Amino acid sequence: MSKFSTDKVMPRYFAIAVVLTLIGFAIIGKAMYIMTIKKDYWTQVASRLKRDSVSVKPNRGNILSCDGQLMASSIPEYKLFIDFQAGATDSVGNHKRDSLWQENIDTICHELNQIFPSRSAEEFKTHLLEGKKKVMKNGTVGARHWAIWPRRVDYNTFCEVRKLPIFCERPGVGGFHWEEFNARRKPFTTLARRTIGDLFGEIDSAKNGLELAFDKELRGTNGLMHRRKVLQKYLDIPVLNPVDGCDIITTIDVGMQDLAERAVIEELKEINGEMGVAILMEVKTGDVKAIVNMTRGGDGEYYEMVNNAISYRCEPGSVFKVASFLVALDDGVVDTSFVIHTGSGVMEMHGRPMKDHNWRRGGYQDINVARALEVSSNIGVSYVIDKYYGSNPKKYVEGLYRVGIHEDLKLPLMGYHTPSIRMPDTKTTDRSKYWSKTTLPWMSIGYETQIAPINTIAFYNAIANDGKMMQPRFVKQLVKDGQVIKEYEPVVLKEQIAKPKAIKTMQTILEHVVSQGLGKKAGSKSFKVAGKTGTAQVADQYGGYHSGTTRYWLSFAGYFPADNPRYSCIVCLKKSGLPASGGGMSGVVFHHIAEGVMAQNLKLSVEDARDTTSRFIPDVKNGNIMAADYVLGHLGVKTNVNWDGSYANGNPVWGTAVPQAKNVQLTQISTQRNIIPDLTGMGARDAVYLLESRGVKAIIKGRGKVKSQSIYSGTSIKQGMACELYME
C-alpha cells in the first residue's frame, strides 16, 4: 500500500502555488508601480548612479617656438560645485545632511575666506545658504550644481578646497564635485600674444591667432567612457580613449620677438605713439621670426590687443613708391638716369599742388629716378607715373598687381585683410571708387590705397630675394609624441615679381636710400642695410584727415645685410602731431632690431678678436704666482715654471709676474713673517692676505693693484700696526 496520501499533500501544494502566485502578482504590481508612479524618482536615482556617455577631453597640444621653447601649454583648472541633495535619499539622510551643514558651515566659510580673501566668510555663508534653500523644478530643495566660486581655480587651490569638512567626503555623500578644464598658459606671458592666440576660457574654445587657425590640430579628439556606481564608489569604464592634440612648431624666435617688442615699446614711449607694428621675416623661406602689435591702453602702457600687422589696412605712404618705380623700371619706361625737374618742391598735378617735404627750402631741382627714391621726392615719383601711365592708368595698376604688392598672401590667421588697390573706373557713382585725374599721381606715392604691413614686407622681402615672393610662414611642423606628422614647406607665391635687371636696380637704389638718403638712421656700421622710409597722414578717429588731431603713419621697410639678405623687416608707428618722421622714428627701431638680430647670430671666438700683429699675453698681477700659473695654463699661455702638486690643495707661493713676448716670467720671492712684505703690483686680495696673516691691519684706498704702501717693505712688524695700500 502506497504511503503517499493525496488528501494530505495536494492541499499543501495548492497552498504553496497560491502563495507563489500572489508573490508573482505582487512583484508585477510593484514593477508596474515603479515603472509608472515612481518612474521620475528612480530615473533621478539612476542618473546619479550611472552615465552611459561621459565625454573625456584630450590634452590640447602645445605651441612652441622655432627652437622648441614652450610658448603656450595646457594645465588643468577647475570649476567647483556643491550638490546640496547628495547623501539625502531618505528622511534619515536629510536629517544627517542638515546636521552636518549646521555643524560645519561656519568652519567651511572661514576656510573658504582664507583661500579666497576677496570674499568674506559671511558672504560665503550667505551664498551657500542660498544654494541650500533653492527650490528646484521637481520640487526638491537644494541646488544640485551650485558654484562655490565663480571662476576657475588652479590645482593647488582645488586641493585646498577639497580638504574642507563635508567637501572631503565622496561626491555622493558630501556633494562636492568639480569640472576640469584645460587652461592655457604662456611661459613668456605677452610675447607674441596676438599671434599665438587665446582661448575663450569658459568654453575651452579658440579665440584668435594660431590657437584658432590650428584649433582642429591642437584640440585632438574627445574620448568616451561609461560611469557606474559599484559598492558606493564610481567606476569609470573606458570605451574610447581620447586622442591628444598635436604640438605645433612655429617660426617665431623668442629672442628676436623679445628684441623687437622692446625696441617698438621704447620708441612708442619716446614719441608718445598710439600704435606700433614690427614684422621680421627670413628672406629665403618667408618665416616670420617676430611679429609685434602694440597699442596704447587706457593706463598709458602698451599691450597686444589687435593683430594690426595683418589686419590694419591704411595708406602706406612713401614705402609704396618703391612699387611704383619698380613697375616703371620693369616696363622699361624709365631707367635710373632719367632726370626729373622737381623745381622748388611744388608742382601742380591736375589742379592740385604736389609738394616735396623740403619745399620750404627750395626743393630738389633736377634729380634722377634713383635720387628721387633716396630723398623720397613726391614730385619725382608722381611725375614719372603720371607722364607714362596717365593716358592708361589701368596698365599701371596691372603693373602693381604684377609686382606682388596686391597679392593675397592666404595667411592662416583670422583677421587678415587683402590689399585694396582699385582699378580705374570713371563711371561709378561711388565716390570711394571714382577715378579722377589726380588719383594716379597720389596713388603712386602711397595714397588712395589700403595695405596692411604684412603685405608691404612680403613685397620688400621679394626684392631682397631676387624677385621671388614667399608666403609669410607662421608654422613649420605638426608634432605628435616627438614625431613630425606634417611639414609645412615654404610656399612660393610668385616666382618672379619683375625682371632680374629691374630687381637688381631697385636693390641698389634701396641700399643708397640708407647709405646716402633719408634712411640713414636705419643703417649700421657693422653691415649694409637697404630699405625705404615712409610718412603718411592717415585718418583720425573721426574718420577724416583734418577733423581733430592730425595722425601720421610712420614706416620703414627694408632688409639686411644688403649684400647678402637674410632678414627683411618693417616697422610702423602711429602717432599724433608733429614731429613725425618715418626714417627718424621707425628707422631707429629698425636699426635696433637689425643690430640685435645680427648680434644674436654672431659666433664669437677669442681668436676672431685677436690682432695677429699684437702680443696676446694677459696682464698678470704680482702675488700668488701658483694661482697665476694655474689660470695661465688653462688659457694656453706658457710660463717659465711648472708646479708640483695641486693648486687647490697647495699653499700659496708668493712672487712677481712679468709678461714676456710669448710667455709670462714667474719669479718666487721669500716673505718673512716678522717683516712687512713688498706689496707693489699685487691685487687687493693677495695684499690684504699677506698683511693680515701677519697681524697687520690693511686699509685699502682706490682700486686696481697696489701702487704704494704707507709702511715700507722690510719694516719690522709691531703689534697694532695698520698699513694703507694705495691702489690704481
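Q: Does isoleucine 166 count as buried or exposed, and why?
A: Buried means under 20% relative accessible area, exposed over 50%, and partly exposed in between (1.4 Å probe, protein chains only). Isoleucine 166 counts as buried because its relative accessibility is 9%. This is a predicted model, in which local features need pLDDT of at least 70 and side-chain atom pairs count only at pLDDT 80 or more, while totals for chains, interfaces and linings use all residues. Residues are numbered from 1 along each chain as its sequence is written, and side-chain values use heavy atoms, leaving out hydrogens and water.

Q: Where is isoleucine 166, and what is its phi?
A: Helices (H or I, at least four residues) and strands (E, at least two) are DSSP runs, numbered from the N terminus. Isoleucine 166 is in the loop between α5 (155-162) and α6 (171-174). Its phi is positive, about 70°, although the residue is not a glycine.

Q: What is the phi of glutamate 448, and where is this residue found?
A: Glutamate 448 is not a glycine either, yet has a positive phi of about 65°. It is found in the loop between α16 (439-444) and α17. With a relative accessible area of 28%, glutamate 448 is partly exposed.

Q: How many residues are in the largest nonpolar core?
A: In soluble globular proteins, nonpolar side chains tend to be buried together. A nonpolar core is a set of buried Ala, Val, Leu, Ile, Met, Phe, Trp, Tyr and Cys residues joined through side-chain atoms within 4.5 Å. Here the largest has 96 residues, and Ile279, Tyr396, Phe459 and Met506 have the most contacts inside it. Helix α17 (residues 453-464) gives the largest share of this core, 8 residues. Another core lies apart from it, with 33 residues, including Ala263, Val514, Phe527 and Leu573.

Q: Which residues is methionine 506 in contact with?
A: Contact means heavy atoms within 4.5 Å. Neighbours within four places in sequence aside, methionine 506 is in contact with Val322, Phe325, Leu326, Leu329, Leu373 and Ile463.

Q: Where does glycine 655 lie, and is it buried or exposed?
A: Glycine 655 lies in strand β27 (residues 654-659). It counts as buried, at 1% relative accessibility. Leucine 666 is 11 residues from glycine 655 in sequence, and their C-alpha atoms are 7.0 Å apart in space. Leaving aside neighbours within four places in sequence, the contacts of glycine 655 are Asn622, Gly623, Ile625, Thr667, Gln668 and Ile669.

Q: What is the nearest side chain of opposite charge to aspartate 386, and to aspartate 686?
A: Lys and Arg count as positive and Asp and Glu as negative; His and the chain ends are not counted. A salt bridge is a side-chain nitrogen of Lys or Arg within 4 Å of a carboxyl oxygen of Asp or Glu. Aspartate 386, in helix α14 (residues 378-389), is buried without a salt bridge, and its nearest opposite charge is lysine 437, 9.2 Å away. Aspartate 686, in helix α21 (residues 684-692), is likewise buried with no salt bridge, and for this residue arginine 685 is nearest, at 5.1 Å.
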